[in-house]
Amino acid sequence: MNPEHSFSQLKLELPPAPKPLGVYKPCLLVDERWLYVSGHGTVQSDGSLIKGRIGADLTMEEGKLAARQVGLAILATIKENLGTLNRVKRVVKVLGMVNCTADFERHPYIINGCSELFAAVWGEDNGIGVRSAVGMGSLPDNIPVEIEALFELV
């Protein structure tokens with residue numbers, strides 16, 4: 001499977017790779033085999049952020065689309081730092097954080113927006129890893145979703 005080809009078939013646009021807003025690296029390459037990607041937010045193609053709280057400001061469907069946008073921001077960081085998505089062998093771990101109301105219970109559904117994107121790019125065997133999806137009382141800049149991930153490289 002060729003992840004670059006798969007991505008191009010999806011006809012999606014990558015946002016600019018986000019720059020750190022604190023003291024951290026967007027990603028860290030370890031032993032040329034593991035790529036740890038810091039928490040990413042909902043950066044859109046124009047650099048603006050999707051904002052709002054799921055269950056109050058955004059619907060579940062809007063939240064799922066926001067999670068897909070976070071996945072696109074992660075792909076942008078991978079491309080900026082590795083030059084290609086083809087260096088990724090598989091998705092190992094995804095941690096999805098959902099900014100939502102206290103009574104919201106469908107966190108996994110929201111994070112599926114990112115997981116489905118990764119499965120479309122790397123295929124189900126390599127694009128779906130282990131995952132946690134949790135609710136948060138707030139997230140930076142009132143973004144609805146933040147996601148961090150670990151990838152195994154070829």
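User: Which residues does Phe151 touch, not counting residues up to four places away in sequence?

Analyst: This is a predicted model, in which local features need pLDDT of at least 70, side-chain atom pairs count only at pLDDT 80 or more, and totals for chains, interfaces and linings use all residues. Residues are numbered from 1 along each chain as its sequence is written, and side-chain values use heavy atoms, with hydrogens and water left out. Contact means heavy atoms within 4.5 Å. By that rule, Phe151 touches Arg33, Trp34, Leu35, Val37, Ile74, Ile78, Val88, Arg90, Val91, Val92, Phe118 and Trp122.

User: Is Ser6 buried or exposed?

Analyst: Ser6 lies in helix α1 (residues 3–10); helices are DSSP runs of H or I with at least four residues, and strands are runs of E with at least two, numbered from the N terminus. Buried means under 20% relative accessible area, exposed over 50%, and partly exposed in between (1.4 Å probe, protein chains only). Ser6 has a relative accessible area of 11%, so Ser6 is buried.

User: Which residue in β5 is the bridge partner of Val98?

Analyst: Two strands pair if DSSP finds at least two bridges between them. Nine bridges join β3 to β5, and these strands run antiparallel. The bridge partner of Val98 in β5 is Val145.

User: Which residue in β4 stands opposite Val98?

Analyst: β3 pairs with strand β4 (residues 130–136) in the parallel sense, over seven bridges. In β4, the residue opposite Val98 is Gly135.
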